[in-house]
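Dear colleague,

I am passing on the structure below, together with some notes on what turned up in it. Please read the notes with the model open beside them.

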Amino acid sequence: MTPEMQKVLDTFLSYYEQHRVAPTFRELAALVGNKGVSGVHSQVKALIKRGHLVRLPGADRSLAPNGPDLRAVPTGELRAELSRRENAHG
C-alpha cells in the first residue's frame, strides 16, 4: 500500500468512526490536503479493489470500511446483538 493510500484510508476510517457515515470525496480530499478530488477518487477505487472499503448499494455516501470477519464472533454474541436490535427497532 502506498503512503498516500494509507493516508486516505486512515483519514476515511477516522472520519467514519467519528461520524458513522463516509466522508464525501470533497471532504476526504480536504482532510488529506488535496485541492481536487480526482486523486482521492483514484485512491478510494484502489482501496475498494484491495478490499479495505466496500460500496453500499442504494445508500448516500455509499462507502464503508470492510467490516470484521463475523465468523470469528461467537454465535451467541451475534444472536444477542440481533435480539437487542430487534427489540430496539421493532
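The side chains of E27 and R61 are joined by a salt bridge, with N and O 3.0 Å apart; the term stands for a side-chain nitrogen of Lys or Arg within 4 Å of a carboxyl oxygen of Asp or Glu. Since E27 belongs to helix 2 (residues 25–32) and R61 to the loop between strand 1 (53–55) and strand 2 (63–65), the pair ties together parts that are 34 residues apart in sequence. Helices (H or I, at least four residues) and strands (E, at least two) are DSSP runs, numbered from the N terminus. E27 is partly exposed at 27% relative accessibility, and R61 is partly exposed too, at 34%, where buried means under 20% relative accessible area, exposed over 50%, and partly exposed in between (1.4 Å probe, protein chains only).

Before going further, please keep in mind that this is a predicted model, in which local features need pLDDT of at least 70 and side-chain atom pairs count only at pLDDT 80 or more, while totals for chains, interfaces and linings use all residues. Residues are numbered from 1 along each chain as its sequence is written, and side-chain values use heavy atoms, with hydrogens and water left out.

The count comes to 3 salt bridges. In helix 4 (residues 75–89), R84 and E81 are 3 residues apart, or about one helical turn, and their side chains form a salt bridge of 2.6 Å, N to O. E81 also forms a salt bridge with R85, the closest N and O atoms being 2.6 Å apart, and these two residues, 4 apart in helix 4, are likewise separated by about one helical turn. Relative accessibility is 28% for E81, 47% for R84 and 48% for R85.

Helix 2, which holds E27, also meets helix 3 (residues 38–49): their axes come within 9 Å and cross at roughly 100 degrees, the axes being lines fitted to C-alpha atoms, for helices over the stretch in contact, with angles from 0 to 180 degrees between N-to-C directions. Helix 2 is therefore roughly perpendicular to helix 3, a label given to angles of 65 to 115 degrees, whereas those under 35 count as roughly parallel, those over 145 as roughly antiparallel and the rest as oblique. The contact (heavy atoms within 4.5 Å) is made by F25, L28, A29 and V32 of helix 2 and by V40, H41 and V44 of helix 3.
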